[in-house]
Every structure is written in C-alpha cells, then in structure tokens.
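Okay, thanks for having me.

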There are 2 protein chains.
Amino acid sequence: MNFPSKLIEEAVTEISRLPGIGKKTALRLTLHLLKQQEPVAEALSQAILKLRKEIRYCQVCHNVSDKPVCSICEGTQRQQHIICVVEDIPDVLAIENTGQYHGLYHLLGGIISPIQGVGPENINIASLLERIDKPHLGENVEEVILALPATMEGDTTSFYITRKLKEKGIKVSTIARGIPIGSELEYTDEVTLGRSILTRVNYSAE
Amino acid sequence: MNFPSKLIEEAVTEISRLPGIGKKTALRLTLHLLKQQEPVAEALSQAILKLRKEIRYCQVCHNVSDKPVCSICEGTQRQQHIICVVEDIPDVLAIENTGQYHGLYHLLGGIISPIQGVGPENINIASLLERIDKPHLGENVEEVILALPATMEGDTTSFYITRKLKEKGIKVSTIARGIPIGSELEYTDEVTLGRSILTRVNYSAE
C-alpha cells in the first residue's frame, strides 16, 4: 500500500505491531486520530509513553504498582495467611473481579516451559520461597493456592512449586478444574469431563 | 474494573477511545505494551504524536502531504485535465490501489449533511471551483469525476457540485453504480439491480 505521507506510514507501521491489529485496522485508527483534536492524540501518546517509562512493580508480589509495595500486599484488610500463585497480571484482574478471594498474590511472570527455554530460575519462584522463609510485614503464610493454566507447562510449574513448598510444610492447593457453570455435559471435552469425575466433590461428607 | 496501577488505567482509558476498541481489548494491548522493550512503546508513542503535530495538507487538493503541495498535484506524470472529487483520504488510497486512475484528486473533507449541520460552505467546494477558475501549475481541467458515497448525502453533494460546475462548462461524470464484479444477480439488492438496468451500457454502440 502506498501512503500519501511518511507520517501516516510510520503511524500505521507502529500501530500494526500491536497484537490482533493488521495494516487495514491500523490505517483506520491512524485516519481516526488525524480527524481528532490535537489533545486526544497527545493524551494517547503520553499515556503509552508514561505506562512504559514509569511503571513499577511491587517488591513483594511482582504485580504492577505505583508504589514500591502494592496496595494488596500493603493492605491489612487482606487475609495474610493465603497466597495465590498466578502467571501474570491479567490473572490477578480476573480473580479480583470474582470478589471471592481475599488473600494475597504472587506473580510468577511466566511459567516453566523447556521448549521456550524458561526454567524455574527464570520466573519468580525463588522470591516466593523467600517470602515464606522471611515473611513481609504481617504475612504468615499457611496455604498457597496454585492458579496456573491447565496446560502441560502450567502443570509442570505447579508440580515444581508443590514439591518445593511441601519441604517447608506449607499446605498447597490448586483451583478446581471441571465443567464451567452453565455448560452442558455433552459439549464438554472428554479430558475435562473425565477429570471432573475423578475429582468429584463428596456431598455427604460436607 | 479495578486496575492495579493508575498508569494502566490511564493507558486503557486512552486506548479504548479508539473506534472498535473496547476496555477488554485496550487492557490486552496495554499489557502487551508492558511486556515489550521500552523502544517499542516509545516508537508507537512518538509516531502518534508526530502524526498529529506535524501533518500537513496539500494546498491544492487537501490530501495529507509532507510538503505544501502533495506529490500527486506536483507530479507532471499525472493527467492534468481530470479531477476526481472524493470525500476523504481513504477514498484516495482505495482509488490509487486500483491503478486505473491517473488524474488528479480533490478531497472535500466531508459531505453535505443537513442533519449533521454540514453545509456546502463547510467542505472544500469553494477551493474546487477556484481551482478551475485559477488553475494551479500545469492544470487544465476539462472533466470532474464525482466519486462520492452512494448515499442520500453523497447524492446531494454530487448534485450541488454538478450544478456549480455546469455553470463553468466543465464536463461532470460520476463513477458507475451497479453490480460488483463476481456477484450473483439474485443476491444483489433491488435498488442497485434496478439502477444497473436503467444505466445499462450499450455494447453495440462501442
């Protein structure tokens, strides 16, 4: 495609680097920005620049944070004896949106993946173990919930962390896998359905 | 949605102002940018800022241009006796991509729309008429092709411009409306099909 201006070409090139945005969408967005008042484009440009330059991560849980310690780790209103281990930021947002969890988090920043050359030393596992040995502020960890992806890599990571934590006498649990609420049995894949039978919940014991 | 950082919230707000991008997509893009090296986000930010701040428009045809007169108006390799009148930049790109047109352009920057309060004086019609009265460089306009949207507003604009140009003795034509190439007759809407019969092309006369 030939562009009438270098500036448009540059904007289209940069915008189309974003995931899920092709050249056509990038051009549509570029022409939209051209039609806007200058402050609109300026605000967008500034937000992107500040995001990448000024972002800080919590020293304790590795979540993004405006302060050295994030509001969840700092807050005394959260349960101090449970840590939920997740892969990255979107998982924290998803769990927080449920409103069902009131404990702390720990973000690994990735999962063990031998194919991609990611080993246990490349993700935040050491700091998780250290957090249990030398608790931060009011922390008094009794249980670690593993909320990692239900994939081979996720299971490998869960297995590795479980082994490390059991040495320290910490209770380790994982979020339940099973049939999503609202789903029909007949449309559920066989692996999920099979596992949900194996890990059935005993009603009579409750 | 609660965000763990003000910076993320700002970025999501600004990105989701773009057309067709909701909060969820904006969050996905924001987290993607966070994962990238700093120069990637910086380049995007700069491209957007420069686009809006440094963009210039051609004095003759109102297309975007890096110079006071764009490469199409300036170029002697274009036919100097035809002007194609379009609504805006994407239309020029679309026509240029066909490779079938070698004349000049004139961008109205909008179309007449009484409902939205856009009158003939709000779009670049005066400069089109002036361009015919006082030709720029080698221009010697004999024909104006109207390539405006096939809508009520487009037709109104075409009608207005046609009347103004006929006073000046300029030949006015409009791009053909009809059945798109590759389309089946039975799936074409009745207005298009009806018009394509009325404006049929006489083979025996060619």
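**Around α5 of chain B**

Let's start just after α5(B), where Gly99(B) takes a positive phi of about 70°. Before I go on, the ground rules: this is a predicted model, where local features need pLDDT of at least 70, side-chain atom pairs count only at pLDDT 80 or more, and totals for chains, interfaces and linings use all residues. Residues are numbered from 1 along each chain as its sequence is written, chains are lettered from A and ligands numbered from 1 in the order in which they are written, and side-chain values use heavy atoms, with hydrogens and water left out.

Helices here are DSSP runs of H or I with at least four residues, strands are runs of E with at least two, and both are numbered from the N terminus. So which residues of α5(B) are buried? In that helix, residues 89-98, they are Ile89(B), Val92(B), Leu93(B) and Ile95(B). By buried I mean under 20% relative accessible area, with exposed over 50% and partly exposed in between, using a 1.4 Å probe and protein chains only. Their cover includes α2 (23-35) from chain A, plus β2 (64-65), β3 (82-86) and β4 (104-107) from chain B.

Staying with those strands, β3(B) and β4(B) pair in the parallel sense over 4 bridges; pairing needs at least two DSSP bridges. Cys84(B) sits opposite Tyr105(B) in β4(B). From β4(B), Leu104(B) and His106(B) point one way, Tyr105(B) and Leu107(B) the other, and all are buried.

**Two helix pairs**

Now, helix packing. In chain A, α1 (residues 6-15) and α2(A) pack at about 125°, with axes 8 Å apart. The axes are lines fitted to C-alpha atoms over the stretch in contact, and angles run from 0 to 180 degrees between N-to-C directions; contact means heavy atoms within 4.5 Å. That angle makes α1(A) oblique to α2(A). The cut-offs are under 35 degrees for roughly parallel, over 145 for roughly antiparallel, 65 to 115 for roughly perpendicular, and oblique for the rest.

**One last residue**

Finally, Arg195(A) is in α8(A), residues 190-198. At 34% relative accessibility, Arg195(A) counts as partly exposed. Leaving out residues up to four places away in sequence, Arg195(A) touches Asp155(A) and Arg177(A).
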